[in-house]
Amino acid sequence: MLKGWLIYNQADAERNRAYIDWFLSEAEAAGVELQFVSKEDLTFGVKNNLLYLKRSNEPDRLPDFCVMRNMDELLSVHLEALGVKVYNNSFVSQIANDKAKAHQYLAKHNIPMPDTTFVQADDYREANFTRLVFPVVLKAVKGRGGTEVFLIDSLEELTARVKLRLERGSDSYVVQQLVQPGKDLRVFIVGQQIVGAILRESDRDFRANFSLGGRSSLYPLNEVETSLVRQIMDLFELGMVGIDFVFGHDGSMLFNEMEDVVGSRTLSLNSDLNILKIYLDALTGIIWEDDNSVSRVVIERKEIDKTPFIRCEVRF
Ligand SMILES: Nc1ncnc2c1ncn2[C@@H]1O[C@H](COP(=O)(O)OP(=O)(O)OP(=O)(O)O)[C@@H](O)[C@H]1O
Ligand SMILES: [Mg+2]
């Protein structure tokens, strides 16, 4: 039986208990032995020049795969090096969990997006921003839930906001041109499949986040929009993510961000789609599809005591 770990940190696990239970029951239905693992129960590093990973009070058996719901790039890279297939993989996690890296990487691949400047609070000089056309949107690169996203009306306000943050420790930001306010589209992806898209709108805030009071509805993607989504999907090996877009003044979709640890509340509210069933079906298909790769991974794992770096290249 395929064995997997569902990794969360403790605080997030407490907030997401119902979601975790749903995940585990879908796994059982799909014939996968998925165990909940708290990140705090894992110790990992290097011993005798070999990578190791231990789980408290459990035998040292690595799973076949991990669903990482923890935004922990170091742990993801570590598991991958030990031959465990991680979803979403460390590259997706690295790009998705940093708004500057996401814009940089996708711009390199000609994906349309709002004009964006990367700012390090330490290096901020007001004189470099005198030509900005206000209002602009300021976002902390690691912010989530719209709480670190500000509409800024003047240069003085921009400087004050960056400096205010600096007092709480340095931070990185993106400064972005304001496009259509109060409207954002999340496209839910599993593997190579576009599961559905949800439009989030707000009349009282330029931020359309559902958690900030926005409303949501199912959105049919047209052909051009679907092809843009596919263009982004092709740049990654995805497990389950949300790809978020804002809209230009001409109505065209502009890349906004990629959500690594994506929830599915708005999708469940607006449709009968069971995204976790789709995800589990994809994971089992993906992992068993290529029998040669699977046996190679198993053999490599037996070599773990001898080999410090083990690469796993099961693809889907
Ligand atoms: N350049 C922009 N122009 C207009 N509106 C924007 C722009 N950037 C973001 N917004 C609005 O603000 C909302 C929050 O911004 P964003 O999604 O980038 O950060 P976040 O919500 O904190 O991230 P997460 O979705 O991970 O929680 C977006 O959903 C969108 O409605
Ligand atoms: Mg967002």
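Visitor: How do the strands of a sheet pair?

Guide: In general, strands of a sheet pair through backbone hydrogen bonds, and the pairing is either parallel or antiparallel. In this predicted model, four strands form an open sheet in the order β2-β1-β5-β6, with parallel pairing. Its edge strands are β2 (33–38) and β6 (85–87), each of which pairs on one side only. From one strand to the next, the twist averages 25 degrees.

Visitor: How many bridges join strand β1 to β2?

Guide: Six bridges join β1 (residues 3–8) to β2, and the two strands run parallel. Within this pair, Tyr8 stands opposite Ser38 in β2.

Visitor: Which helix lies across β1 and β2?

Guide: That is helix α2 (residues 17–29), which runs at about 155 degrees to β2.

Visitor: Let us turn to the ligand. How many residues surround ligand 1, and which are the closest?

Guide: Ligand 1 is surrounded by 24 residues, the closest being Arg144, Gly146, Asp184, Arg207 and Ala208. Two or more residues of the shell come from each of β8 (136–140), β10 (172–177), β14 (240–247) and β15 (253–259). The largest share, three residues, is that of β15.

Visitor: How do the residues of this shell divide into nonpolar, polar and charged?

Guide: The shell around ligand 1 holds nine nonpolar, seven polar and eight charged residues.

Visitor: From which domains does the shell draw at least three residues?

Guide: Domain 2 (115–177) and domain 3 (181–259) each provide at least three residues to the shell around ligand 1.

Notes: Residues are numbered from 1 along each chain as its sequence is written. Chains are lettered from A and ligands numbered from 1 in the order in which they are written. This is a predicted model: local features need pLDDT of at least 70, side-chain atom pairs count only at pLDDT 80 or more; totals for chains, interfaces and linings use all residues. A residue is near a molecule or strand if its C-beta atom, placed from the backbone, lies within 6 Å of it. Ala, Val, Leu, Ile, Met, Phe, Trp, Tyr, Cys and Pro count as nonpolar, Asp, Glu, Lys and Arg as charged, and the others, Gly among them, as polar. Domain bounds come from an automatic or database domain assignment. Two strands pair if DSSP finds at least two bridges between them. Axes are lines fitted to C-alpha atoms, for helices over the stretch in contact, and angles run from 0 to 180 degrees between N-to-C directions. Two residues are in contact if their C-beta atoms, placed from the backbone, lie within 7 Å.
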